[in-house]
Amino acid sequence: MTVRRVLIFAPILLILVLLQSYFWVPTYEQQTKGNSARLSEYIAGSIGDASLLNPILSADSASSSINDMVFEGLIDRDEQLRFRGRLAKSWEIFEDAFFYVNPSARIPGLGKADAHTLADFIKHAQKTARIKDPALKDSLNRVTEIAVLPSRIFTVSKSFKDSNTGKEQTIEIQVAAPPRIKLVLNTVDQDLFQNLTHLLGKDYFESFHGKDYLKIDSQLSKEQWTAYTQELIPAVEHNPILLFHLRPGVKFHDGHLMGADDVRFTYEAIMNPKNLSPRISDYEPVKTVEVIDPLTVKIVYKRLYSPAIGTWAMGILPEHLLDSHALKKEATRLGKDPKTFSIRQSTFNRHPFGCGPFKFQNWKSDQYIILDRFDDYWEGPPNYQRYVYRIIPDLLTQEMEFYAGTIDSYGVQPHQVKRLKKDPRFQNFSGVAFGYTYIGYNMRRKPFDDPRVRRALGMAIDVEKIIQYVLYGQGERITGPFVKQTDYYNHTIKPLVYDPNGALKLLEAAGWKRNKAGRLEKNGKPFKFTLITNSGNDLRKAVLAIAQDAWKQIGIDVYTDVLEWSVFIQERVNKADFDALILGWQMGIEPDLYQIWHSSQTNPYQLNFVGYKNKEADDLIIKIRQEYNHNRQIEFSHRLHEIISDEQPYTFLYVGKWTAVLDKRIVIKTVDDTGVIQYEKITATKTGNYNFYFNQWIKLPQVPSFMDKG
Amino acid sequence: MLSFIGRSVVQKTITLFFVSIVSFLIIHLAPGSPSQVDPLNPKFTPEMVERFQKEFHLDKPLYVQYIYFYRDLFTGKTVSWKDNQSALKKIWERFLNSLPLFVVGTLITWTLSFPVGIRSAIFRGGIYDRSATFISYVLISIPGFFFAYVLIIFVVTYFHVPVIGLETFGIGDAPATYLFMDRIWHLLLPSVLGATGGIAVLSRYVRSQMLEVEGQDYIRTARAKGLSPEQVHYKHALRNAMLPFVTMFGLILPGLIGGSVIIESIFSWPGMGRMAYEAILARDYPIILTVNFVSAVLVLAGTFISDLLYLVVDPRIRL
Amino acid sequence: MNLAEKKLNTDFYIESPLPPKRTRMQEFRRLFAQNRLAILGLFIFILFFCCAVTGLFLTSGSRPIFDPAMVRLQEKLRPPLAKPNLDSLQPQEVPALGVYLMGTDDLGRDVFSRMLQGAWVSLTVGFVAVGISVLIGIFMGGIAGYFGQHHIRTDHVLFTLALILGTGLVIVNFVFIGTVLLLLCLAYIFYSLLARHGSTEKETPVLKAMLHSNAVSVDTLIMRIVDIMLCFPSFFLILTVVALLPASIYNIMIVIGLTSWMGTTRFVRAEFLSLREQDFVAAAKALGLSNFRIIFRHIMPNAIAPVLVSATIGIASAILTEAGLSFLGFGVPPPHATWGNILSNGKNFIFDAPWLTFIPGISILIVVLSFNLFGEGLRDVMNPKLKERH
């Protein structure tokens, strides 16, 4: 019967066809052994896909790891985390400082003075050995040039939103600025004006009333007046200057030469509001970017802001592919409206050109991104022919692919580390992460306003135990807000010791006593609060359970809540509607703590959501971000670390340790001038960065003998 | 006939309109906002957030957003918030990836369920029927991802071949037949997993349809005429039992876009389901809404086709 | 049925007007007893139910016998039947049975206690979700089936739309237009009240007729709503809603319930449509019974069978859906343990601690299977066509 036969044979045939395909698939062994091309490929596994391959537009980690390969910045950080030149060969940092002549102030030994007299007075002071104050002497020695800028009159128009009506309003401001003195310094000196008061009189700068020189027709609030005065004629002004000397002969992947114009263009692209760059705030302090010659860029800043140097590690975009002319052409080609077409819409973001060591080859969404090595890379091409970024969303399948050798690296989970370390096929590296996990207390609420309570809560938690069992030893204790492997971290501060009895004593001192049932109470009110964290992070969930348990032990009723990320942020964190929360910060290397710890950042939607306020800490935070001298930054940040650690606004828990596992066959290959090839083991830098020399990595067919020695 | 088509089209358009409103409301009234506007990212100043909201029209009242969204959708201008790619293009790309999975899965389901179901019906109550029933219920009852992991680990540890992704990675220069077979191999596990539920349900359905038909008088008549059991089963019973299945072809259509989030994530298969899932995670509203809309269109088109097919194959229905 | 047969039957009735040999319940039991798989299903289901209930008592309270939340980090990932290390544990931390019956998880929590607690939570998720869907399904299906032919007047439709729109507009800050709409509605209520009390005002009959014309029948309306709901890909819809809403066990139950009532509605409607034409309903109507009584005393008991079957299978699929959501990270949030989230947490440790995957995985399989088999058995038993043949 045909029907019957068809019914039976069709599925059998189908299944056979499907099953026989097995014999065509290379096994893992065949894949790694028989394929020499595989040895010159590096395949990285990732959970998520990149979004936009454009360094000025994307902020997610997947996109950044590709952008770092394709694009190159002016500078980056070396093994010791110091800056080193990449596209920039070298750079200079100095400053122009300005102050307005204050006609009403009396200068000791000179009286009221006009601009030229004042300039001569300072010049004279520079030469005389009469000055006793060493700080002032230092400051004066840094001044290389003194000039007088004549008085001038100009008009500016400003628009703002009226706070009552909510309407946009434009006003005209007439400024009649008095003469100004410009000091050119050979280095940056944040104390310059402070020191100059020793020469010019204590209140020379303070008594300068900028407001008198402004003329505004409409009614303004007092705050607006101060803001405009501060903006238009500040009594004193620092203009730090960064002068980059670019490396000659650096090419983009399409062969076009990179030059100063590209640097200026990258800056302008970030600042262009049409592009909605998330990095715009990094570059807000920049006043101007001037192209001095094709290989020299001068960047002038509006104010002292030392973290700004690091922003130039940002990848440089090719101007010739993205300027308005090129965009217009692309828009017409794609049939889009050229007026609304911005870099954001450009196909460049899916096929980028940079001047990094690898050039973009192919991108299949949610499958892979392939980069090929760039043979004209200025530092010499990398050893690997190809870099592949494979997207495997499931952790477990990632792990299996890694065992099978079809990916070279993946995010190793803490509980797997022990097993993988034992495996003779792999070499491993570990280091401390740049982020820490903490329990933050809402200091606006009682009883968390009492530092003793916060300290006691911290002491009741056995952090060592968390590290040992939750992180499987893959973590280290941390005592303050700085990145542990930088110089800014103060290693003399000891972490809180686990001591529940000590915690109880501290709580008793703060008025909390145990009642008959063993619960803590003060004035008849039990100690209870809610600890929250976001869902989707198992480690935080585990810490949540442990903290709840630990605090229960000393008699505190803790409720817990795990919230979905956006609800957690929008409803609880932003509105400061929480008692205590578990969260982590991912830190940059810069020691700038302004957004997280400064008292001005405690409003809703700001990052100091715990409401930490400390006068001395505020001063130090400002000083650190204004200081360009590394050693003085260290001095300030050590003190700041001490203050924060004393006050315990957070219970600083741990920094995670990451472990990376690589096939032992991956080694560093170097060729010296005489052409001798040398292989060596990959070692991590001091900061734990093992792929610092990634461009020199290569995979060998067999495990080299020096690897087996351990 | 024409009036039936006209009436259906009008009716389905109205339904679609309501679906679009409901899905829009569900997404926009839920708490939280898109990740691009994530205010806890220190890089996002309030002004940035405001500018993003303006760019995505999030500052407008809901009905304006609704009109903007569907205007963009119909002119093909909808773009993902995450990467600024055209939503329709993205969906089309993923659709092409999901297609082979869907085709093979459907083939397996349909070819396998019929013989299994028919045999169960013929030998009703026997050991074959009972074990088939039991096995199909096991297949329905097993949590999909658990089964997937067990299968993957089994294949990887015993056969040492890759099973993840669309194809084996890094054999780009192999001959075309190898590449083709490799792709088929990679289709095998996920499509089998995707088909298990379908096989179980469909074979049960085939069985009950067959039973229903076999109880009819004309089958009795056929038997009484002395036809061989084979003839009775495969010629007389099967044809009539097939009737409802013809119309089910239309109902497969929505499966095209549904994909399986879980299976696609486990097998890192860059298909529709995963894109939709990632869009949900990133709160990429345009993508979520577009997927929803397209799938609603497919559901409606599917029922429409199935109605038409019914008209064609069943002579008893006349309009 | 041919003529001869009919005659045979009538003869038979006349000669022996016996009552049926067995009562309905006995028949039911007899049929059920033949279906061994269904018996097995029922047995496991009862066992599971008992486990869940005892589990609830043993794992809740301030000092439960089996504490599913007790973290013993030093005892993490112990295999099943491992003896606890008594040195490192405080007395209250030692598991009640003296062994870790099913091992411990990555935080050292006793998997057995978690499974016990999870049984109850999974069961609740299944029952409540299905309860919601069945309630909505019966309600909508019943109305559609029983009152299906009633029509809603155009003015009522317009009125309802205006009311909803007005409220919506007020909510989204269009107070003025919203209030105007609401006021219009109020005015219309007054007007229609007046009209009913025999106002003599002359009205343009065309408009009035148009307003009072039948716009849409109840049946069409409800079935269109069902169509709209069916347009959403169900798992995707559940996922979207659960992902967007704050994670909570109630949200999951409600969402699953609200997205799965369409099937029940269709069943119930079909049953009602056929039952309301039956003689016993006509008799009840003739007796002047209220609609309410007819629906709930007379029609419902006859229509409940397919609902029961689909509810049993619905519970199974709700448990699976919850597990799938857990896998994607949107399941029932802690501190509630469900089998789904034990399984999805456990799968990360499949190489280091396979029991964390296999125990909940196989448990889910068995329980879901038992529900399905039981449901299938029920269906067979209640299917009158199959009854004849036995």
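I looked up the aromatic cluster in chain A of this predicted model. One cluster is formed by Tyr42(A), Phe358(A), Tyr384(A), Tyr387(A), Phe429(A), Trp658(A), Tyr690(A), Phe694(A) and Trp697(A).

I noted the conventions. Residues count from 1 along each chain as its sequence is written, and chains are lettered from A in the order in which they are written. Local features need pLDDT of at least 70, side-chain atom pairs count only at pLDDT 80 or more, totals for chains, interfaces and linings use all residues, and side-chain values use heavy atoms without hydrogens and water.

I looked up the pair total: 74 aromatic pairs over all chains. Rings of Phe, Tyr and Trp (its six-membered ring) pair with centres within 6.5 Å; planes under 30 degrees apart are stacked, over 60 edge-to-face, the rest tilted.

I checked Tyr22(A) with Trp185(B): tilted, 5.3 Å between centres, 55 degrees between planes. Tyr22(A) lies in the loop between helices H1 (2-20) and H2 (28-33) of chain A, and Trp185(B) in helix H7 (residues 176-214) of chain B, so this pair joins two chains. Trp185(B) is buried at 7% relative accessibility (buried means under 20% relative accessible area, exposed over 50%, partly exposed in between; 1.4 Å probe, protein chains only).

I then checked Tyr438(A) with Trp585(A): centres 6.3 Å apart, planes at 20 degrees, so stacked. Strand E16 (residues 426-441) holds Tyr438(A) and strand E23 (residues 580-586) holds Trp585(A), so the pair ties together parts 147 residues apart in sequence. Tyr438(A) is buried at 0%; Trp585(A) is buried at 6%.

Key. Helices (H or I, at least four residues) and strands (E, at least two) are DSSP runs, numbered from the N terminus.
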